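Trainee: I would like to learn how to read a model of this kind, one feature at a time. Please give me the general idea first and then the case at hand.

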Amino acid sequence: DRPAHVKREKLTPGEAVKAILKTGGLPVLAHPADIPDLESFVSELKRAGIMGIEIYYPHYRQNTIARLQAVANKYDLIATGGSDYHGPHLSVGDDIGSIEIPTEVIEQFVSLIHGHRC
């Protein structure tokens, strides 16, 4: 109820996945470790077309990575990762390059990009 307020439409996660696919993107679930009932959520997104799940993240312990990898394997999702870097003057995330991602994961993702864009 303010002069500059613009009401916006919100998408469901499934609608967001479909929108990403429609524009040629590769939908990946970020920061999944704290999602309640993760398997049910991932199952729903898999039906919508999700392709990956973030597994490698600076603040994930090995047991969390193993749990997320099991979900990725079960739903045939590519593992991804990142530092969550948001810029040099922001306190969110770690520095670029601060998370080690296995080479085979990077190769899978690059292969998926090339296959998806052809």
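The dialogue below goes from the overall layout to the sheet, then to one helix and to some loop residues.

Mentor: Before anything else, keep in mind that this is a predicted model, in which local features need pLDDT of at least 70 and side-chain atom pairs count only at pLDDT 80 or more, whereas totals for chains, interfaces and linings use all residues. Residues are numbered from 1 along each chain as its sequence is written, and side-chain values use heavy atoms, with hydrogens and water left out.

Trainee: How many helices and strands does the protein chain have, and what pattern do they follow along the sequence?

Mentor: Helices (H or I, at least four residues) and strands (E, at least two) are DSSP runs, numbered from the N terminus. By that rule the protein chain has four helices and three strands, and read along the sequence they follow the pattern α-β-α-β-α-β-α.

Trainee: What share of the protein chain's residues count as buried?

Mentor: A residue is called buried under 20% relative accessible area, exposed over 50%, and partly exposed in between, with a 1.4 Å probe and protein chains only. Of the 118 residues in the protein chain, 31% count as buried.

Trainee: Which bridges hold β2 to its partners?

Mentor: On one side, β1 (residues 28–29) pairs with β2 over two bridges, and the bridge partner of Leu29 in β2 is Ile53. With β3 (residues 78–81), β2 (residues 52–56) pairs over four bridges. Along that pairing Ile53 has Ala79 as its bridge partner in β3, Glu54 stands opposite Thr80, and Tyr56 stands opposite Gly81. Five of the five residues of β2 are buried, so this strand is largely enclosed by the rest of the structure.

Trainee: What handedness does the β-α-β unit made by β2, α3 and β3 have?

Mentor: A crossover is right-handed if, with the strands pointing away from the viewer, the path from the first strand over the helix to the second runs clockwise. The unit made by β2, helix α3 (residues 62–74) and β3 is right-handed.

Trainee: Which residues of α3 are buried, and which are exposed on the other side?

Mentor: An α-helix has 3.6 residues a turn, so residues three or four places apart point the same way. In α3 the buried residues are Thr64, Ile65, Leu68, Val71 and Ala72. Seen down the axis of α3, these fall within an arc of 125 degrees (taken from the directions from the helix axis to the C-beta atoms), so they line one face of the helix. They pack against α2 (38–48) and β2, whereas Gln62, Asn63, Asn73 and Lys74 are exposed on the other side of α3.

Trainee: Is Leu77, with its relative accessible area of 9%, buried or exposed?

Mentor: Leu77 is found in the loop between α3 and β3, and it is buried. Leaving aside residues up to four places away in sequence, Leu77 touches Val42, Lys46, Ile50, Met51, Gly52, Ile53 and Ala72. The C-alpha atoms of Leu77 and Ile50 are separated by 7.7 Å, with the two residues 27 apart along the chain.

Note on methods
Two strands pair if DSSP finds at least two bridges between them. Contact means heavy atoms within 4.5 Å.
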